[in-house]
Amino acid sequence: MCYYKNKITLRATFSLCCALSKTKGMDIKMKKFLSIVLIFLMVLSLASCAQTPTEQNEKTEQESLFNPGTYKAEVYGNNDYIEVEVKVDESKILSVDVTKNSETKFIGDKAIELIPKQVVEYQTLSVDTISGATVTSASLKSAISDCIKQAGADPSKLNAEIPPIGEKKTEVTKKEADVIVIGAGGAGLSAAATAAEKGAKVIVIEKMPLIGGNTARCASAYNTSDSERQSALPMTDTLKEAVEKAIATEPVNDEHEQLISDVKSKYDEYLASGVTTLFDCPEWHALQTYYGGDYVGDVKVIRSYAENTLPTLNWLIELGSPVTDKVSQGAGALWQRTHQFDAPAGTGLVEPLYNRCVELGVEIITEMKGESLYTDDSGRVVAVNATDQFGSPYEFTGLKGIVIATGGFSNNKELRAKYNPALTPDMVSTNQPGATGDGIVMATEIGAGTTGMEYIQVYPLATPGTGTLQGRARKVSGLDNVIDVNKEGKRFVNEDARRDDFVAAIKQQTDGMCYDINDSKIVEEKNSFNENVETLVKLGRIYKGDTLSDLEKQLGMQAGSLEQTVAEYNEMVENKLDPVFGRKLFADKIEVGPFYATPRAPSIHHTMGGLAIDPQAHVLDVDGQIIPGLYAAGEVAGGIHGSNRLGGNATADVTTFGRIAGNSVVNDK
């Protein structure tokens, strides 16, 4: 309509110009003035007429991009459905609200905080995925896109680029503190909190936008000898045989011989006391750790670890970590000393540590990547050079020292292939994307030694395809009430075996996978990763049957196969004896329906090797000498787990050696 009105106006203006030229008796100057005015009006009309009816319609459509209203959508995230509510008017997105989510704190919450805000601020769906929270980011953007479609718009057209939120600076920004910690995972936060408790000023730098590292996404299994909580567990003849066999083993060196002697002394005292509950002590924990790692660990470092796990656990409890009283045996733990944190994933560890750091004034800087270490003329490590997310240079000086807590290198495909070529690039990992070995690279560049780099652990019971630890049909991480069967419904392994033995057995089964089988006694509404079990059943990630026969049909097993296997296991529980595979764990029968089957498969999990350290967490050079001012804790360090890490030893390791490093860096002269 506007187009046709403009054409009429153009004709009228032209007619007036013609009439004006023929008018007699008018001053010539006035004629010129009026002619200029009319010509100006004609130009405006021509400009308006340049828009065709189609272009006018497009303009109208742009002005009415959305059908005004509030729209809702839900998409499955990491742990459950994320529900989103988007409000729009005719031309813009007014608000994006996440009305419900069960995402893991310190992982998904960063995406939930930033993505809705950026979508509204920049009116685009082309917002950055939050590194380390890719699943939550993708699910959130998918839900928002669904709402945009409901509003009558094409989400693909909302693709404007977000302008840069910062810029690269060339001048080096310098900061200093008593202690600089590189990495904000379990080890780094433990070191920072400990040093701050001693009165030190601490700065933590973390290359990821999120804190927590692998600790934030772990199963929260923590190994330590703990006579008080282990008092509910019986000492069976099978368990006694395990101890007696270990202390009768031929020692491989003098340190091993002394460790065996110490365990024997403690065991003799235990037998003389007449106690019938489970035997355990730091020396027995250390001996099993050394044995489980094929005797290639450092006994002195292992002893330091085992002697300090219980004090560290008690410290964590004081900080607010929720630890259950029940002690079990995690996958590959070898003994019933696995404690469970009663919180989703690793939040029961990370949150209390983070809160303690904040309380003590620790400065935590995310998206700050450590690049290299700086030494003074004496060879002492005094600073770390870093860059922020824009590439701007920083220098962090540690007046007392630098603690490296950057984690392992499971997600550095080149580095892991260098040391273990059998781990091909296509293999999935349980680790967060920042586990790329940065600390190892930095330290070796200044002469640090390494140990056991070729030893990379594959976890046996991860989620097939993704490699994540989630997806269980049970709350506890222990295998006391669980059996594992192949696709034929048969047990094929001792479930309390070492992890490497477990993995080797799974790889020999059909399709290289197995099923965790458990009954309803250990199932709660949500599992240890805060996932709703019934939702996982609906999604087909867990199988649930009112009877074992029903479960067999769902899994495509021969009728009666799983029923027979469970009956044989229940008989073993009664007799406390596994005549086929030698299992030692016999907590409860599998007998109360409904019954659950969770698909499981191996995934790259832990790099046992790393920087060489001593019992006080000092980093050693290639000649075994202390590098002054440099400390390491957590998966970045080697020497504890040997060639095979016991399940439940990692969480205890990172927090325990984090504390040791935090104490050492403050107390050293």
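How many aromatic pairs does the structure hold? The structure holds 12. Rings of Phe, Tyr and Trp (its six-membered ring) pair if their centres lie within 6.5 Å; planes under 30 degrees apart are stacked, over 60 edge-to-face, and the rest tilted.

This is a predicted model, in which local features need pLDDT of at least 70, side-chain atom pairs count only at pLDDT 80 or more, and totals for chains, interfaces and linings use all residues. Residues are numbered from 1 along each chain as its sequence is written, and side-chain values use heavy atoms, with hydrogens and water left out.

**Aromatic pairs**

| Pair | Centre to centre | Angle between planes | Class |
|---|---|---|---|
| Phe-106 and Tyr-354 | 5.6 Å | 65° | edge-to-face |
| Trp-284 and Trp-335 | 5.3 Å | 90° | edge-to-face |

Phe-106 sits in the loop between strand 3 (93-100) and helix 4 (108-122), 248 residues from Tyr-354 in helix 12. Helices (H or I, at least four residues) and strands (E, at least two) are DSSP runs, numbered from the N terminus. Phe-106 is buried at 10% relative accessible area, whereas Tyr-354 is partly exposed at 28%. Buried means under 20%, exposed over 50%, partly exposed in between (1.4 Å probe, protein chains only).

Trp-284 belongs to helix 10 (residues 282-292) and Trp-335 to the loop between strand 7 (323-328) and strand 8 (338-341), so their pair ties together parts 51 residues apart in sequence. Trp-284 is buried, with a relative accessible area of 1%. Trp-335 is buried too, at 0%. Tyr-267, Tyr-270 and Phe-279 form one aromatic cluster.

**Helix packing**

Helix 6 (residues 186-197) and helix 12 (residues 347-359) have axes that come within 9 Å and cross at roughly 35°. Axes are lines fitted to C-alpha atoms, for helices over the stretch in contact; angles run from 0 to 180 degrees between N-to-C directions. Contact means heavy atoms within 4.5 Å.

Helix 11 (residues 299-319) packs against helix 19 (residues 649-667) at about 90°, axes 8 Å apart. These two helices are therefore roughly perpendicular (65 to 115 degrees; under 35 is roughly parallel, over 145 roughly antiparallel, the rest oblique). Among the residues that meet are Tyr-305 and Trp-315 in helix 11 and Phe-657 and Arg-659 in helix 19.

**A buried loop residue**

Gln-432 lies in the loop between helix 13 (413-419) and helix 14 (438-444). Gln-432 is buried, at 10% relative accessible area. Not counting residues up to four places away in sequence, Gln-432 touches Met-208, Gly-213, Asn-214, Arg-217 and Asn-411.
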